[in-house]
Amino acid sequence: MEYKSLAAAAEGGEITISGNYRIHTFKSSGIFVTHKPMNVDILVVAGGGGGGNRNLPQDPGGGGGGAGGLVYQASRAVIATGYTVTIGSGGGVGTGAGSSGNNSVFDTITALGGGGGGAYASNGNPGGSGGGAGRDGNLTRGAATQQLVVEEQVQRQWWCKCYWCRWNW
């Protein structure tokens, strides 16, 4: 959470100052407490999925875990109260497919955990960003389940600038 005020109008998480912003970073679950009504910018990121493992030493590798979902909300009105912050952990690597990451939550905003990567011979799991498939045969990646929501009052446009896709969402 970040807001334009250097006064201690809120507490919780690791607090840093950047210009006129006071930033609260939560690396573990906790409570964000506000002492007065204000507007805050919120960025929620979920845990990424664990990578898939190969089944035998001679097998090629498994698929990579998907990134945790991300939700950004600008200028959200909050009141003087405590807000629960839940930090989702990343998925683990097993003897086969990787496990999916866990969701992260601020109040009613939820970012979905990334999908676990498929083992050598299995599909990737769905998640915030789907996990990659294993290398054996015609396998499929996991579906991305985190939907981008553009708030009416913000109307931001996001662009992917990578070489491979060059698309906007």
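Tutor: A residue is called buried under 20% relative accessible area, exposed over 50%, and partly exposed in between, using a 1.4 Å probe and protein chains only. This is a predicted model, in which local features need pLDDT of at least 70 and side-chain atom pairs count only at pLDDT 80 or more, while totals for chains, interfaces and linings use all residues. Residues are numbered from 1 along each chain as its sequence is written, and side-chain values use heavy atoms, with hydrogens and water left out.

Student: Is Lys27 buried or exposed?

Tutor: Lys27 is exposed, because its relative accessible area is 66%. Of the 169 residues of the protein, 33% count as buried.

Student: What does Lys27 form with Glu14?

Tutor: Side chains of opposite charge can pair when their charged atoms come close. A salt bridge is a side-chain nitrogen of Lys or Arg within 4 Å of a carboxyl oxygen of Asp or Glu. Glu14 and Lys27 form one, with their closest N and O atoms 3.2 Å apart. Glu14 lies in strand β3 (residues 14–18) and Lys27 in the loop between β4 (21–25) and β5, so the pair ties together parts 13 residues apart in sequence. Glu14 itself is partly exposed, at 41% relative accessible area.

Student: How many salt bridges are found in the whole structure?

Tutor: The search finds two. Asp107 also forms a salt bridge with Arg76, where the closest N and O atoms are 2.7 Å apart. This pair links distant parts of the chain, 31 residues apart, with Asp107 in the loop between β9 (104–106) and β10 and Arg76 in strand β7 (residues 70–78). Arg76 counts as buried at 16% relative accessibility, whereas Asp107, at 35%, counts as partly exposed.

Student: How many strands does the protein have, and how many helices?

Tutor: Helices (H or I, at least four residues) and strands (E, at least two) are DSSP runs, numbered from the N terminus. The protein has zero helices and 10 strands. Two strands pair if DSSP finds at least two bridges between them. Five strands form an open, antiparallel sheet in the order β2-β5-β8-β9-β10, and its edge strands, β2 (10–11) and β10 (109–111), each pair on one side only.

Student: Which residue in β5 is the bridge partner of Ala10?

Tutor: The partner is Thr34, which is placed in strand β5 (residues 30–34). Thr34 is buried, because its relative accessible area is 3%.
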